[in-house]
Amino acid sequence: MAVTKIIEVPFTLEIPVGPQHPALHEPVLLKAYADGEEIVKVDINTGYNHRGIEKLCEKNSFYRDIFIIGRVCGICNAVHANAYVRALEAILDVTPNNRARYLRVLAMELERIHSHMLINAVMAENIGFEALFMNIMLDREKVMKAKEIVTGARVMADYMMVGGVRRDIDDVKRDKLRKLISELRPRVEYYRKVFEEDETILKRLIDVGRLKPVDVTSHGLLGPVARASGVKIDTRASDRYDAYNEIPFDVVTRNEGDSWARMMVRWDEVLEAINMVEYILEKLPSDGNPVPDEKKLPRKFPPGEAYTRVEAQRGELTYYVMSDGKGMNPYRVKIRTPSFNNIINTGFMYIGHTIPDLPVILTSLDPCISCMERVTVVDLEKNIVYKVSLKELGGGKWGSRRYSI
Amino acid sequence: MAVEEKLSFMDKYVVEKGFVKPNRRLFTIRSEHVRQVFTEFIERLGRENFYLSTIVGTDMKDEGRIRLDYYVVLLPEEETIVIRTYLPRDNPVVDSIIDLLPGALSGECETYDLLGVVFKGNSFLKRGFFIPQDLVEQDRYPLRKDSGV
């Protein structure tokens, strides 16, 4: 039977894709073509907000770039700065002390907790579970507060620095952090249970967007997306950067490979991160000041190149920094964010699923959330254009009712 | 199997060996061998035992060539190796590996858009994938050192 109508669903989303991604202001277009309910093709378009950060880094000095790099992404600014700073340290042969290495991990794990809670909250909202969204976001504030205590800012931390970090913590701060984290743990355990047992969540997520391990590796997918399909990739465990060689943790993997498994991997990682934060607060070494003297840092960079990896919340994040030894500016900085692979290379995942599954799959890949803009549904026969928000499409009348034109 | 042993088949292609800090093995190969190397990767290691992490293109203006680095992560050791090749700056063309590894899509599209490296056989290449329309119209590649961007 011939296809009689095409429903074109252009999503205008803001996700951290590519090297230039200000977490909240970059749109990407997923253009989905559906035959009835079923999606038959998805085109992914990017580049609506290309800021040219790689070029900007070439035009600024190595040290200024630390602050530019922090602005690549708001949600994961500490990991970005960490990867870049470690690349500089590799070129300069500088090593931070143990206290600084532990504090770096502390900041990065707090960031992981709040990012994973955020995307799980958004998933709850997308499938129409508004109350759960509100509750998770409320408890996420505890982590934001903890991050503020450690780094001095809720979001833009600018915490990393060549040879160390920018702020130390004292015993008063340490007690505050302990209290916040101990309050957080039972809440996370509760939310994990909700995701494990709630019937609505299970119905919407299980078997949606299933990924085979071979698809993960051949498409270069990373982070929780890969780990939920049983591919054990974790830069923390393989590169053992900063203090990850001393702090005990497990790499969480699951074998289901569907959207539900991806969300569960994130919850388990939050619990692992809470364990790591508690371990750090307990065993924080005292081998000197973690804040290096800026005046003593080398002004001139020798020629060299470094490629560092960091396990960002969304997967392996890599930085390539090259110095030609001639000036104060890097010759080349290349950033490859996990969403760059996870979003651009996953057009195949949507095919065969229904339209309400599209936001579920996209959310399970963890794009940036404020992405929620508008969707256009075009009926070719009647020549009518509908506009609905992604939220409605995911969980409102478009999601809960069988959709027909 | 040790990583050296796994990569022993590379020897016939390698022009030069080295390291990128910190401890990433670097293999320089000729640009016409890129496809063959990745074909052998798939044959010998299997699709599930490595992934292409990223493609980094760098304009080496003074040398008159463009450097292309493929960062490959071997599993399950999760060790990153670098496969490096050089292309002439006035005609940077290399065979695409997108049909072998779909994961090369993002890297190839980006390198084409920003640096002008043509991946022969990749039908998804287009200008304006990232960069704004005015630069596309002026036919400029922002990451080239003489682009004036």
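A polar contact is a pair of N or O atoms within 3.5 Å; within protein, one atom must be able to donate a hydrogen and the other to accept it, and residues adjacent in sequence count only if both atoms are side-chain atoms. With that in hand, let's work through some exercises.

This is a predicted model, in which local features need pLDDT of at least 70 and side-chain atom pairs count only at pLDDT 80 or more, while totals for chains, interfaces and linings use all residues. Residues are numbered from 1 along each chain as its sequence is written, chains are lettered from A and ligands numbered from 1 in the order in which they are written, and side-chain values use heavy atoms, with hydrogens and water left out.

**Exercise 1. The interface**

Task: Describe the interface of chain A and chain B, going from polar contacts to area and then to salt bridges.

Solution: 

Step 1. Between chain A and chain B, 28 residue pairs are in polar contact, both residues being at pLDDT 80 or more.

Step 2. Next, find the elements involved, where helices (H or I, at least four residues) and strands (E, at least two) are DSSP runs numbered from the N terminus. Elements giving two or more residues to the side of chain A that touches chain B include α1 (53-59), α3 (77-92), β6 (304-312) and α12 (338-344) of chain A. The most comes from β6(A), with five residues.

Step 3. Sort that side by class: it has 15 nonpolar, 15 polar and 15 charged residues. Here Ala, Val, Leu, Ile, Met, Phe, Trp, Tyr, Cys and Pro count as nonpolar, Asp, Glu, Lys and Arg as charged, and the others, Gly among them, as polar.

Step 4. Using contact (heavy atoms within 4.5 Å), 45 residues of chain A meet 47 residues of chain B.

Step 5. The two chains bury about 3,700 Å² between them, with 51% of it on carbon and sulfur atoms. Buried area is the accessible area (1.4 Å probe) that two parts lose on being put together, summed over both.

Step 6. Look for salt bridges, each a side-chain nitrogen of Lys or Arg within 4 Å of a carboxyl oxygen of Asp or Glu. The rule finds seven across the interface of chain A and chain B. One of them joins K326(A) to D62(B), with 3.7 Å between the closest N and O atoms.

**Exercise 2. Charged pairs inside chain A**

Solution: 

Step 1. Side chains of opposite charge can pair when their charged atoms come close. Over all chains, the structure holds 55 salt bridges.

Step 2. R332(A) and E54(A) meet at 3.0 Å, N to O. R332(A) sits in strand β8 and E54(A) in helix α1 of chain A, 278 residues apart.

Step 3. Buried means under 20% relative accessible area, exposed over 50%, and partly exposed in between (1.4 Å probe, protein chains only). R332(A) is buried at 5%, and E54(A) is buried at 1%.

Step 4. E111(A) pairs with K147(A), the closest N and O atoms being 3.1 Å apart. E111(A) belongs to helix α4 and K147(A) to helix α5 of chain A, so this bridge ties together parts 36 residues apart in sequence. E111(A) is buried at 0%, as is K147(A) at 1%.

Step 5. R309(A) and E316(A) form a salt bridge of 2.6 Å, N to O. R309(A) has a relative accessible area of 0% and is buried; E316(A) is also buried at 0%.

Step 6. Finish with a network of salt bridges that links E109(A), R112(A), R227(A), D234(A), R236(A), E269(A) and E311(A).

**Exercise 3. The nonpolar cores**

Task: Which residues touch the most other members of the largest nonpolar core?

Solution: 

Step 1. A nonpolar core is a set of buried Ala, Val, Leu, Ile, Met, Phe, Trp, Tyr and Cys residues joined through side-chain atoms within 4.5 Å.

Step 2. The largest has 118 residues, and L106(A), I113(A) and F195(A) touch the most other members. α4(A) gives the most to this core, with 15 residues.

Step 3. Beyond neighbours within four places in sequence, the contacts of L106(A) include V150(A), I169(A) and L281(A).

Step 4. Apart from this core lies another, of 47 residues, among them I344(A), Y13(B), I29(B) and F50(B).

**Exercise 4. A threonine in chain B**

Task: Where is T85(B), and what does its side chain reach?

Solution: 

Step 1. T85(B) lies in strand β5 (residues 79-88) of chain B and is buried at 1% relative accessibility.

Step 2. Its side chain reaches the backbone nitrogen of S31(B) at 3.0 Å.
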